[in-house]
Amino acid sequence: MYRLATHTGLRQVPRSIANSISRPALATPRFIQPVAIRTMMDSPYSAVKVSDRVKHDHAELEKQYRNILAAEDEDTKVRWQNQFIWELARHSIAEEIIVYPAFEKFVPNGLVMAEKDRAEHQRVKNLLYEFEKMTPSSSDFLPTLDKLWDALSDHITEEERDDLPALEENIDVEYSSKLASSFNTTKHFVPTHSHPSAPDKPPYETAIGLLTTPMDKLIDMFRKFPKEDKKV
């Protein structure tokens with residue numbers, strides 16, 4: 001009835017008995033268990049248009065401008081001044097690298113539109129450069145800030161009323177979402193201070209920005225920012 005297993009010297013269990021023995025189900029190794037993969041399309045940000053991203057920055061800049069005006073002491077004014085400079089410098093360059101080339105490529109008469117916006121940016125950069133050198137105790141601090149905001153707010157109004165709607169009309173939602181993502185990513189790798197003499201078009205603006213950004217970020221490490229929104 002039993003036979004010796006020649007390779008072990010042990011008796012083998014008859015096949016009829018072995019087949020009747022229930023075997024535990026083998027568990028699937030954890031590393032090959034099915035996993036729910038979250039893609040970019042599942043992200044709540046995937047449907048955000050590039051115009052939404054730009055408008056969000058505009059709203060943040062206005063809030064920071066008003067926080068400078070409302071600050072009751074010099075330390076608070078300096079913190080919001082630094083935040084405003086940081087945000088505006090990054091925003092402007094990201095527009096020039098990502099948004100304005102899209103104007104030129106997709107919008108009828110987009111080249112003229114982009115050149116107009118770059119000229120307006122240049123005026124803002126010049127004023128921002130002067131404003132950055134000032135302290136709240138300077139008699140020119142608030143007049144320069146107001147002049148800067150006047151130039152910027154006029155640009156914002158035209159951009160939101162005319163330029164961004166024209167772009168959205170000429171691209172689909174998926175591409176607008178890709179531009180929005182690129183715009184947001186670009187802001188992490190561009191200078192955080194105003195450099196009026198730097199190029200304002202890619203690829204030269206991109207190359208100079210990569211060289212300038214590390215020094216700007218080093219400067220930011222030694223500057224004061226609003227406690228709840230510190231940027232380094």
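**Entry 1: ground rules and burial.** I call a residue buried under 20% relative accessible area, exposed over 50%, and partly exposed in between (1.4 Å probe, protein chains only). By that count, buried residues make up 41% of the 232 residues in the protein chain. This is a predicted model, so I note that local features need pLDDT of at least 70 and side-chain atom pairs count only at pLDDT 80 or more, while totals for chains, interfaces and linings use all residues. Residues are numbered from 1 along each chain as its sequence is written, and side-chain values use heavy atoms, with hydrogens and water left out.

**Entry 2: the fold.** I looked up helices and strands, which are DSSP runs numbered from the N terminus (H or I, at least four residues, for helices; E, at least two, for strands). The protein chain has seven helices and zero strands. Read along the sequence, the pattern is α-α-α-α-α-α-α.

**Entry 3: the core.** Which residues of the largest nonpolar core touch the most other members? For a nonpolar core I take buried Ala, Val, Leu, Ile, Met, Phe, Trp, Tyr and Cys residues joined through side-chain atoms within 4.5 Å. The largest such core has 21 residues, and Val50, Val99, Phe103, Leu167 and Leu179 touch the most other members. At least two residues each come from α2 (50-70), α3, α4, α5 and α6 (173-186). Helix α3 gives the largest share, eight residues.

**Entry 4: aromatic rings.** I count a pair when rings of Phe, Tyr and Trp (its six-membered ring) have centres within 6.5 Å; planes under 30 degrees apart are stacked, over 60 edge-to-face, and the rest tilted. My search of the whole structure finds four aromatic pairs. Tyr100 and Phe103 are stacked because their ring centres are 5.5 Å apart and their planes lie at 25°. Both residues sit in helix α3 (residues 74-106), three residues apart, about one turn of the helix. Tyr100 is buried, at 0% relative accessible area, and Phe103 is also buried, at 0%.

Next I checked Phe131 and Phe141, whose aromatic pair is tilted, with 5.0 Å centre to centre and 40° between the planes. Phe131 is in helix α4 (residues 110-132) and Phe141 in helix α5 (residues 141-169), ten residues apart. Phe131 is buried at 0%, and Phe141 is buried at 1%.

**Entry 5: salt bridges.** I count a salt bridge when a side-chain nitrogen of Lys or Arg is within 4 Å of a carboxyl oxygen of Asp or Glu. The structure holds 18 of them.

- Asp75 and Arg79 meet at 2.8 Å, N to O. They are about one helical turn apart because they lie four residues apart in helix α3. Asp75 is partly exposed at 30%, whereas Arg79 is buried at 18%.
- Lys116 bridges to Asp117, with the closest N and O atoms 2.9 Å apart. Lys116 is partly exposed at 30%, whereas Asp117 is buried at 0%.
- Arg161 bridges to Asp162, with the closest N and O atoms 3.0 Å apart. Arg161 is exposed at 52%, and Asp162 is partly exposed at 37%.

Salt bridges that share partners also join Lys116, Asp117, Glu120, Glu158 and Asp163 into one network.

**Entry 6: a loop residue.** Is Asn109 buried or exposed? Asn109 counts as exposed, because its relative accessibility is 59%. The residue lies in the loop between α3 and α4. Asn109 has a positive phi of about 65° although it is not a glycine.

**Entry 7: Asp150.** I placed Asp150 in helix α5, where it is partly exposed at 47%. The C-alpha atoms of Asp150 and Val124 are separated by 9.4 Å, and the two residues are 26 apart along the chain.
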